[in-house]
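Here is a short report for a reader meeting this structure for the first time. Please look at the sequence and the model before reading on.

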Amino acid sequence: MKKIYVGSITLLFFFTFKSFAQSQRDLLDSLKTELNQAKELKDRVLILSELTWNYVPISIDSAIIFGERGVEKALSLNDLEILSQLYSDLGFAFMEKGELISSRESYETALKIRYQLGDSI
């Protein structure tokens, strides 16, 4: 009976993980399609932020690339709210990669911008 129970749990875990991985890849593919179709720079920057956050469990290096592209574009927009979010997303990606100095710098930059915006969080 224990073997059947353990086997059932193992199968459930496998299918749940496989389903998550597939849905995550579907989300990323959808975001990349949206990025290619977005006409407004602000929309592109928002999508780059989403790609940064959602790529971390799949490919940290890709997440960092998307984040850095997003920061560059957000700076040209002078949109501090999106910029702070991108720095926060990058902080998370760097932390997951183990680059703690870069992570801290990104988080501190995000925090400074949020203070500047009067964000109460």
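## Helix α4

Helix α4 has 18 residues. From first C-alpha to last, α4 reaches 25 Å, close to the 26 Å expected at 1.5 Å a residue. The expected span of a helix is 1.5 Å times one less than its number of residues. Helices here are DSSP runs of H or I with at least four residues, strands are runs of E with at least two, and both are numbered from the N terminus.

The buried residues of α4 are I82, L83, S84, L86, Y87, D89, L90, G91, F92, A93 and F94. Buried means under 20% relative accessible area, exposed means over 50%, and partly exposed lies in between (1.4 Å probe, protein chains only). These buried residues of α4 pack against α2, α3 and α5. Contact means heavy atoms within 4.5 Å.

## About the model

This is a predicted model, in which local features need pLDDT of at least 70 and side-chain atom pairs count only at pLDDT 80 or more, while totals for chains, interfaces and linings use all residues. Residues are numbered from 1 along each chain as its sequence is written, and side-chain values use heavy atoms, with hydrogens and water left out.

## The whole chain

The chain has five helices and zero strands. Along the sequence the pattern reads α-α-α-α-α. Of the 121 residues, 31% count as buried.

Take the contacts between residues at least 6 apart in sequence: 52% of them join residues at least 24 apart. The chain exposes about 8,300 Å². Carbon and sulfur atoms supply 58% of that area. Accessible areas come from the Shrake-Rupley method with a 1.4 Å probe; for residues, only the protein chains shown count as cover.

## Helix α5

Helix α5 covers residues 100-117. Its 18 residues should span 26 Å at 1.5 Å a residue. The end C-alpha atoms of α5 are 25 Å apart, which agrees.

Which residues of α5 are buried? They are S103, S106, A110 and I113. They cover an arc of only 100 degrees around the axis, which puts them on the same side of α5. The arc is that of the directions from the helix axis to the C-beta atoms. The buried residues of α5 pack against α4. The face turned away from this buried side carries the exposed residues L100, I101, R104, K112, Y115 and Q116. After α5 comes G118, whose phi is positive, near 80 degrees.

## A nonpolar patch

L100 is found in helix α5. L100 is exposed, with a relative accessible area of 57%. M95, L100 and Y107 make a nonpolar surface patch of about 280 Å². Patches are made of residues with over 30% relative accessible area and no salt bridge; like charges are joined within 9 Å, and nonpolar side chains (Val, Leu, Ile, Met, Phe, Trp, Tyr) within 5 Å.

## Salt bridges

Side chains of opposite charge can pair when their charged atoms come close. The structure holds five salt bridges. A salt bridge is a side-chain nitrogen of Lys or Arg within 4 Å of a carboxyl oxygen of Asp or Glu.

One of them joins K42 and D79, with the closest N and O atoms 3.4 Å apart. This pair links distant parts of the chain, 37 residues apart. K42 sits in helix α2 (residues 41-55), and D79 in the loop between α3 (60-77) and α4 (80-97). Leaving aside neighbours within four places in sequence, D79 is in contact with K42 and A74.

## Pairs along the chain

E99 forms a salt bridge with K97, the closest N and O atoms being 3.4 Å apart. E99 is partly exposed, with a relative accessible area of 30%. K97 is partly exposed too, and its value is 39%. D61, K97 and E99 are linked in a network of salt bridges.

D119 forms a salt bridge with R114. The closest N and O atoms of that pair are 3.1 Å apart. D119 counts as partly exposed, at 26% relative accessibility. R114 is partly exposed, with a relative accessible area of 21%.
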